[in-house]
Amino acid sequence: MEFIQTLLANQLVVSILLSALPLVFIILMVLVVLYTEMKVAAHIQDRVAYMRTGWHGVLQPIADMLKLLQKEDIIPTKADKLLFRAAPFIAFTGTYVAYAVLPFSSIYIGSNINLGAFFLVAAGSLVVIGILMAGWASNNKWSLFGGVRSAAQMISYEIPTALAVIIAVMITGSLNLQEVTKFQDGGIGNWLVFGGPLPWMQKLMLMPFTVITFFILFVASIAEVNRTPFDLPEAESELVQGFNTEYSGMRFAMFYLSEYANLFTVSAVVVSLFLGGWSSPFGAFMSGPVWGVFWFTSKAFLFILIQIWIRWTLPRLRVDQLMYVSWKVLTPWLFVCIFAVGLILVI
Amino acid sequence: MDLYTIILYFFAVVTLGSACIVVFSRNIVRAAFALLFAFFGVAGIYIFLLADFIAITQLLIYVGGIMVLMLFSVMLTSHQINVDAKTGTIQTLPAILIAACVGGGVIWVFWITDWKEKSDLPVIDTTAAKIGELLLTNYLLPFEIASVVLLVALVGAAMIARREKKG
């Protein structure tokens with residue numbers, strides 16, 4: 001008993017509290033993103049969306065959440081019950097581990113490991129396990145197809161993501177996300193998308209390739225979060241709801257939470273690798289640890305906004321088009337970029 | 001017993017527990033999912049051996065890549081649920097012999113290795129850079145051979161896929 005008490009006082013409680021900090025952020029962020037998504041979608045389609053709960057419906061996400069909490073948790077009779085129950089938790093865990101290495105500010109990062117960028121690529125591949133598990137355990141053909149599609153998609157798009165991360169790492173010379181961000185500190189001109197803080201000749205030569213890489217990373221990240229035009233795992237016009245067809249109540253909410261938390265993760269990856277992470281666009285003006293959090297989240301939110309905009313604008317790709325884009329367009333272009341960036345850095 | 005020891009034992013239990021499920025489960029998809037957790041546990045233990053790069057590679061390659069492909073193929077080949085995979089015991093004698101040999105080898109390595117306590121070792125936090133340097137200096141030949149093998153495998157896979165389309 002004694003060691004448990006000392007443990008609780010010293011390490012365990014503190015560790016748990018610290019690691020729960022991003023969870024609070026995720027829940028608040030998801031509420032905001034849900035509201036934004038509904039409103040933006042509605043205005044794109046010339047509607048007004050929620051207007052009744054609170055001012056312009058701002059309380060609607062909270063009402064939705066409370067509703068989901070009360071819903072009955074239905075498990076199909078023929079489902080593999082153990083895996084069916086476990087799947088949402090695994091999907092969310094896969095999403096949550098990535099938050100450990102996101103550099104929210106110059107002083108706040110969950111775990112400042114030296115392989116942060118590499119870890120993020122690995123963490124991105126964990127979510128698909130939960131989706132596959134849900135797809136199989138539901139014992140439903142729609143769900144199974146959703147799961148299998150998701151697996152094929154994630155495996156394909158992991159390659160462009162990893163290659164794009166490699167280019168950022170080649171220029172900055174570090175896998176540590178804090179170091180990558182510090183490298184880009186000091187104004188908008190030093191961001192990697194504009195070639196980073198290198199001599200101007202190198203910078204000019206690098207710029208076309210970094211812009212292409214940045215764009216490809218952004219496309220691949222939309223595919224990794226299964227959103228339109230890459231939402232084949234859910235494809236409501238073909239597969240009802242894809243892998244989460246059979247889910248209801250809180251288990252469905254877990255998938256939802258995981259999806260939106262992942263949306264922030266991939267945006268944060270793009271931001272910290274290519275858009276200077278927590279560094280201020282105006283150099284020393286408005287920079288500092290607290291402003292860092294502001295810049296980091298607002299840049300990430302900008303990308304979430306663009307993803308919402310794309311989702312409600314573009315139609316869905318076919319499966320063969322999806323594979324074509326990944327293997328025959330994005331990957332070869334990134335190989336060209338890796339070669340060119342390597343060459344320019346050596347000169 | 002500090003937090004580190006508890007986490008180490010947690011990973012050990014996860015690894016061994018899921019490995020047992022892999023061996024004893026009659027449901028092939030459950031076995032595949034359990035194997036995934038076994039890989040995950042091994043990745044955790046790599047971190048305790050100060051091999052962070054290997055640990056993350058384990059996650060990326062085994063958990064995120066190979067296991068997903070394995071599950072993918074299991075799901076495509078099986079007719080939905082209730083897989084008719086052979087899960088009985090066959091070839092008992094060769095299996096026992098091979099298992100005994102592998103087990104003996106592992107125990108032998110366990111005995112001859114000079115195990116170091118956590119506190120003896122300086123914490124190296126740039127393992128990736130060291131691995132990269134070694135791969136391009138001392139171990140260049142194995143590295144190049146591995147890349148050629150991978151290239152051949154890729155070309156072979158593309159060839160097989162194309163032939164299937166024609167026929």
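Helices here are DSSP runs of H or I with at least four residues, numbered from the N terminus. The model shown in these views is predicted.

**View 1. Chain B is built from helices.**
Chain B has six helices and zero strands. Follow the sequence and the pattern reads α-α-α-α-α-α. How much of chain B is buried? Of its 167 residues, 17% count as buried. Take the contacts in chain B between residues at least 6 apart in sequence: 52% of them join residues at least 24 apart.

**View 2. Chain A also has helices and zero strands.**
Chain A holds twelve helices and zero strands. Starting at the N terminus, its elements run α-α-α-α-α-α-α-α-α-α-α-α. Buried residues account for 49% of the 347 residues in chain A. Now look at contacts in chain A with a separation of 6 or more. Residues 24 or more positions apart supply 76% of these.

**View 3. The overall dimensions of chain A.**
The C-alpha atoms of chain A fill a box of roughly 65 × 60 × 45 Å along the principal axes. Which radius of gyration would a compact globule with 347 residues have? The value would be near 20 Å. Chain A has 21 Å, so it agrees with that expectation.

**View 4. Where chain A meets chain B.**
The contact draws 27 residues from chain A and 25 residues from chain B. On the chain A side, the elements that give two or more residues are α1 (2–44), α4 (116–124), α5 (127–137) and α6 (141–172). What kinds of residue make up this side of chain A? They divide into 22 nonpolar, four polar and one charged. A general note on size: an interface is often described by the accessible area lost when the parts come together.

**View 5. The largest nonpolar core.**
This core has 128 residues. Which of them touch the most other members? They are Met133(A), Phe274(A) and Leu36(B). Helix α10 (residues 249–274) of chain A gives the most to this core, with 16 residues. In soluble globular proteins, nonpolar side chains tend to be buried together.

**View 6. The surroundings of Phe274(A).**
Phe274(A) is one of the residues that touch the most other members of the largest nonpolar core. Set aside its neighbours within four places in sequence. Which residues is Phe274(A) then in contact with? They are Ala168(A), Trp191(A), Leu192(A), Val193(A), Phe214(A) and Leu217(A).

Note on methods:
Residues are numbered from 1 along each chain as its sequence is written. Chains are lettered from A and ligands numbered from 1 in the order in which they are written. This is a predicted model: local features need pLDDT of at least 70, side-chain atom pairs count only at pLDDT 80 or more; totals for chains, interfaces and linings use all residues. Two residues are in contact if their C-beta atoms, placed from the backbone, lie within 7 Å. Ala, Val, Leu, Ile, Met, Phe, Trp, Tyr, Cys and Pro count as nonpolar, Asp, Glu, Lys and Arg as charged, and the others, Gly among them, as polar. A residue is buried if 20 or more other C-beta atoms lie within 10 Å of its own, exposed if 12 or fewer, and partly exposed in between; C-beta atoms are placed from the backbone. The radius of gyration is taken over C-alpha atoms; the globule rule is 2.2 Å times the number of residues to the power 0.38. A nonpolar core is a set of buried Ala, Val, Leu, Ile, Met, Phe, Trp, Tyr and Cys residues joined through C-beta atoms within 7 Å.
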